[in-house]
Every structure is written in structure tokens, then in C-alpha cells.
Amino acid sequence: MLWADGHGLDAHTLARNTLQLIRNRGTDDARAAVAATPVAAELAVVFGAVGERGVAVVAPGTDRAFTALFPIEALDPAPRLAPLLAALGIATCGDLAALSHESVEVRLGAEGVALWRLARADDRRLIFSPAPRELPHASLDWTDYALKDPERLLFSINALLTRVCGALAAEGRGAHELTLTFSLTDRGTHVELLRSSRPTANQRTWVRLVRAALERIRLSAAVTGVALHASRVAARDAQQGDLFDRGFTTTGAAEDAVARIIEDQGEHAVVAPDNSAHPLLDERTTWTPRAPRAPHAAPTGGKVREAQPAYAAQAALTLQLAPVPRAIAVETAPRRDHAVPVRYRDGGQWHDIAQVAGPDRVSGGAWDPDHLHAREYFRCVTREGVLVWLFYDAQAGAWYLHGWWD
Amino acid sequence: MAASVADLRALIEQRFPDAVPVTRGIARPVASGIPEMDHALPRGGFPLGRLSVCAPHGGTTAILRAACRNASRDGERAAWVDTGRTIAGAFWDDAALLVRPATLAHAVRAASELLHAGGFRLVVLAGAELAAPQVARLVRAAHEGGGAFVLLTDHSSMAALRLSARIAPEAYRWDRDPFGGPAHVRDVQLDIHVRALGWNARARFPLPVQSHELRLALESGLADRRGLPRTRLRAP
């Protein structure tokens with residue numbers, strides 16, 4: 001048996017042409033049937049009367065009535081069901097279809113229910129899977145010249161991205177992966193896969209990835225054409241949330257803003273600290289790029305969230321570090337077995353120190369001459385009321401302003 | 001009566017579209033979460049869609065970081081543009097999105113994006129001394145995005161709210177060492193002065209001072225060997 005999907009087509013013509021094609025190949029006794037349900041079409045073609053030019057047609061809306069006419073054996077019931085059906089006096093599909101769902105389930109079980117559905121022309125079999133939609137794609141070829149300049153290539157690819165991303169956005173989908181194919185003057189092609197960590201139709205994001213790829217790849221010849229197609233597509237993330245949750249409703253805008261900053265300034269513009277246990281505070285932190293995805297969404301369900309440990313820290317003055325310790329001039333005074341600063345000069349101005357705590361001595365790195373350090377830290381309150389962090393570098397014999405509390 | 005108020009509001013919006021805040025007065029300003037501080041701020045927080053200027057030092061960074069945490073607790077987002085790169089990673093608690101631009105121009109562009117997006121309730125720009133056109137650009141972005149914009153600077157032109165803080169040298173409270181000298185600073189008393197159009201308020205409250213754990217050696221120039229196994233410290 002050969003099945004043909006007539007959705008959206010003139011089914012009768014399709015059946016007739018298909019039948020003609022089969023007969024042309026030497027099968028003279030082939031028959032065809034057209035129906036809205038697979039079971040009605042199957043019964044019509046196997047048992048039904050042959051209609052015009054060998055095509056039987058079950059009129060739309062009459063599948064159940066048509067099926068009811070056939071003996072129950074036409075549905076090929078399981079051997080276990082045959083004596084039960086006979087005992088119940090069910091001879092035709094119509095007899096079975098007239099029973100209720102519950103009574104069939106009680107008497108005949110799950111197999112009986114499946115047969116009952118077929119007898120009612122309630123055929124849930126999927127003969128054809130849904131046809132996959134064509135994935136968005138775009139291409140551009142030029143013959144009069146060849147491109148080598150990455151910026152001009154990016155300009156051309158950006159035009160393709162506009163079409164592909166527009167098509168994706170219109171379908172409510174995003175691409176996980178785009179395939180970029182370069183046609184080269186040496187008649188070869190270069191295929192480059194661009195991947196995003198999450199499905200997105202954001203053109204700026206893809207432009208950023210394309211730019212990064214163009215900086216990386218080396219082409220064997222100049223480019224005469226570019227094709228772009230979305231090779232892996234998924235529905236865009238649709239987070240469940242509360243429309244009245246202020247953070248949730250603005251997630252898209254926030255993510256787009258962060259993506260634009262990263263695109264403009266590089267991935268190291270938006271960062272999070274990764275702290276180690278290094279004894280020197282200025283060596284302790286590595287700033288790692290932060291994904292555009294996470295600009296702090298904090299869904300609360302429209303209510304004020306309970307205090308969370310990460311943010312529950314009390315407001316406090318924290319240490320701010322100078323990007324590089326600033327060399328300063330310091331006047332000291334003896335205190336017990338050491339000297340403490342009494343005033344320092346920074347930026348051409350002297351600052352008197354009212355109170356000083358320290359020294360806190362930090363030393364180490366003796367095994368590595370490049371990282372050898374020996375510092376004496378002092379926390380000093382200036383007459384202006386600023387708590388500053390000064391240190392004396394015991395190796396260099398110099399004083400530095402390292403930071404301040406604010 | 002209600003209908004006439006609505007009509008009046010609609011008429012004002014139509015005649016003076018730029019004069020109507022994006023939030024239309026419904027959204028609350030960005031509170032710091034410090035009761036004394038919020039009491040001193042007009043309507044209890046930093047105004048939305050407007051520029052607030054905080055003078056650096058004196059504890060204003062602590063107040064603004066508290067406001068970032070508070071916004072985050074409320075399910076909102078906050079961003080901190082660290083132009084001077086003075087944020088110490090060991091003290092950053094991730095309550096706000098941290099942007100570390102390379103130059104002043106980058107800082108302005110980043111702040112403009114964040115303000116214009118409308119997805120950030122509070123944007124703080126620290127360590128940047130801006131020219132008047134740059135400030136105007138950012139104020140316009142804040143107005144369009146509807147978030148509160150706070151600039152940490154001494155220059156306060158175009159600001160809807162000005163906040164300055166001062167700490168007296170004797171306002172620090174210390175734990176003392178055995179010799180009676182200062183050893184560890186416990187907290188500090190802040191004097192806050194808030195000014196806005198028709199608003200002049202002061203506040204005074206203590207804040208703790210956060211310290212970090214120093215890994216110390218006994219003497220300058222000596223290697224810190226405390227991490228080595230005890231067996232290696234014994235004489236052979």
C-alpha cells in the first residue's frame with residue numbers, strides 16, 4: 001500500500017495522477033482511494049467499490065458512516081478480541097462504534113478501545129510527520145570583483161544577517177548555529193560554523209560572532225560569494241514568569257543592552273570577579289567576562305523577595321583599590337619598635353594623618369623573584385576623614401597609597 | 001472628579017510630553033535600604049529618570065552599593081560603571097552588573113546603553129569626570145529609559161538631587177590594641193546632606209567598615225612559610 005499526503009492539494013487529482021503513474025509502470029490492477037482519515041481511505045481502497053478511473057472517494061464528513069458499513073474483521077482485530085466481539089454480537093464497525101468508550105474499555109481493554117476508535121473513523125495514526133519548515137537562509141554572490149577585506153566582508157554578511165535574523169524573529173525562533181559558506185576565487189569553498197550559547201535572533205549578537213570569526217579564520221583565496229543559513233534552530237527561550245515582576249518584564253532589554261556593550265567594547269568590559277587566596281589584595285582578583293545572558297534577572301513573582309544571603313550583607317564601607325599603587329611621599333614618626341606615617345603627600349597636596357593602625361606585614365614569594373613582596377600596611381584616617389590604606393615596600397624602600405575605604 | 005483629573009493629566013501629557021516622567025509617578029524611587037538615608041531622600045530614594053550626583057568619598061560608595069543590593073532584592077537590576085577601576089574584586093558581591101570600561105568614552109557609551117535600555121532601575125557611573133554634553137546625553141538616556149542615574153562626581157550641574165557625605169576624623173570607632181592604640185576599625189558615623197529642588201535634608205547614621213583578612217608574616221623581608229607542611233619546618 002502506498003500512502004500519499006494530499007493536505008493542501010486537490011486530493012482527487014493527486015490520486016488519479018499517482019494511479020496513472022503506477023499503471024504506466026505496468027501495475028494494471030492498482031486502485032486508489034481518497035478520504036479524510038487513513039482508516040476510511042484504507043477500507044475504501046481494499047474493500048470499497050472502484051470509482052471513476054479506479055479512484056474511490058469518501059465524501060468529506062462521511063468517514064464514520066462509511067466505515068460503519070464494513071464488517072469488523074475489516075479492521076483486523078487482535079485474535080484475542082475476535083471471540084469477545086462475537087460474544088457481544090458485534091458484527092460490523094457500526095455495531096462497535098455505537099458502544100460507549102467506558103463499556104468498550106471495561107469489556108475489551110486497551111486493544112478494544114483502539115479498535116473502537118478506528119470503527120468510529122477516529123484514526124489517530126500519523127502516517128506523515130509534519131514537513132519541516134525551511135530554515136532561514138540568504139546568500140550573496142558577486143562576479144565583477146573579489147573581496148579580501150574583512151570589514152567589507154562583514155558589511156556583506158551583515159546584510160545577510162538582517163534577512164536571516166528577521167526571518168527567525170518573525171517565526172519566534174532563534175538560531176543556535178549559523179553556517180557561513182564562503183565561495184572563493186580558486187573555486188573552493190570555506191565553511192565556518194558560528195555558534196551561540198543560546199538560541200537567539202539578535203543580529204548584534206551574530207554580528208559580534210561573525211566579526212570574531214573573521215578575525216580568526218584564514219581564507220585560501222579572495223571571496224566571490226557568501227551564503228548564510230541557520231543550521232540549528234530552536235524556539236527562543238520563553239521563560240515562565242510574572243508580568244508584574246519588574247525584573248522579568250525587562251530581561252530582554254537588559255540582555256540586549258549588555259550584548260551591545262560587549263559588542264562595542266569587548267567581552268572584558270562586563271565582568272565578574274574571580275577571587276583567589278593570594279596574600280596581596282591587588283593580585284587576588286581575576287576579572288572574568290560575563291555572558292550577556294546574565295545581567296541579573298531576579299524574578300520575585302511580583303512580590304518583594306525575601307532577603308537572600310548573597311545580597312543580605314549590610315551596607316558597609318569597603319576598600320577601593322587604586323588601579324596601580326600610587327607612589328607617595330610620607331613623613332613618619334617612631335612608635336614603639338616601628339615607624340608610622342604621620343602625613344603623606346599625594347597629587348601635590350599634603351594630608352595629615354589623625355589616626356593610624358598597623359603595621360600589617362605581608363611578605364612572600366621568596367621562591368619566585370618576580371613575585372617577591374614584603375609590605376607593611378597601615379590604615380590611616382586623614383584629617384579630612386578619609387580612611388586610606390598605605391604601605392611601605394620594604395624591598396624598594398618606598399611608600400605607596402594602595403586604596404581607601406568608601 | 002476622577003474623570004477631570006484624568007482629563008487634566010492627559011492634556012498635560014499631550015501638551016508637554018517631555019515633562020511627564022516615563023514612570024508617571026507610579027514607580028517608587030530607588031531606596032538605599034538604609035532607613036536613615038532613605039528618610040533624607042525625597043520620596044524615599046533616588047529619583048527615577050533623573051540625574052543624582054553624589055560627591056565621592058565620605059561613604060557615598062557604600063550608600064550606592066546598598067541601593068544596588070536593595071534594587072536587586074526587589075527583583076530589579078542595577079549596574080555599576082567603574083570608570084576608575086577602583087572596585088576591589090574581593091569586596092564585590094555581584095548585586096549589580098559591573099562594567100569596567102577602558103576609557104571615559106567607553107564609560108559614557110556603556111552608561112548610555114544601560115540607561116536607555118530601561119532594564120536597569122539604577123545605573124551608577126563612578127570615577128568619570130564628564131563634560132556638560134556628555135552629562136546631557138546621559139540625562140536624556142535616563143529620562144527615556146526611566147531608571148535612576150547616579151553620578152559619583154564633585155560636579156553637580158544638571159543634577160536633580162545632590163548628595164554629599166562627610167566623615168569626621170574622630171567619627172571612626174576603633175577596637176584598641178593592648179597598648180591603647182587603634183587596631184581595628186569597627187564602624188564610622190556618616191554625616192549626609194541631601195539637596196534637591198525644595199528639599200534640604202540631613203542624616204547621621206553609622207556604617208560598619210569592612211576589612212579583609214590579611215595573610216601576615218612576622219617580619220618584612222621574610223618568606224611567609226605558614227603554608228608549608230610541618231615536616232619541612234623541622235630540622236633534618
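Two residues count as in contact if their C-beta atoms, placed from the backbone, lie within 7 Å.

**View 1. The contact between chain A and chain B in the predicted model.** Chain B supplies 69 residues to the contact and chain A supplies 67. On the chain B side, two or more residues come from each of helix H3 (60-73), strand S3 (97-99), helix H4 (104-117), strand S8 (182-196) and strand S9 (199-208). H3(B) gives the largest share of that side, eight residues. By residue class, the side of chain B that touches chain A holds 38 nonpolar, 16 polar and 15 charged residues.

**View 2. Strand pairing between S7 of chain A and S3(B).** Strand S7 of chain A, residues 270-275, pairs with S3(B) in the antiparallel sense, over two bridges. A:Val270 stands opposite B:Val99, a residue of S3(B).

View 3. A:Ala32 counts as buried because 26 other C-beta atoms lie within 10 Å, where 20 or more are required. Beyond four places in sequence, the contacts of A:Ala32 are A:Ala15, A:Thr18, A:Leu19, A:Val45, A:Gly54 and A:Val55. A:Val55 lies 23 residues from A:Ala32 in sequence, with a C-alpha to C-alpha separation of 4.7 Å.

**View 4. Residues 294-313 of chain A, with pLDDT under 50.** The model has 42 contacts beyond four places in sequence for this segment. Where pLDDT is low, predicted coordinates should not be read in detail. Chain A as a whole averages a pLDDT of 84, and 89% of the residues score at least 70.

Notes
Residues are numbered from 1 along each chain as its sequence is written. Chains are lettered from A and ligands numbered from 1 in the order in which they are written. This is a predicted model: local features need pLDDT of at least 70, side-chain atom pairs count only at pLDDT 80 or more; totals for chains, interfaces and linings use all residues. pLDDT is the predictor's confidence in each residue, from 0 to 100. Helices (H or I, at least four residues) and strands (E, at least two) are DSSP runs, numbered from the N terminus. Ala, Val, Leu, Ile, Met, Phe, Trp, Tyr, Cys and Pro count as nonpolar, Asp, Glu, Lys and Arg as charged, and the others, Gly among them, as polar. Two strands pair if DSSP finds at least two bridges between them. A residue is buried if 20 or more other C-beta atoms lie within 10 Å of its own, exposed if 12 or fewer, and partly exposed in between; C-beta atoms are placed from the backbone.
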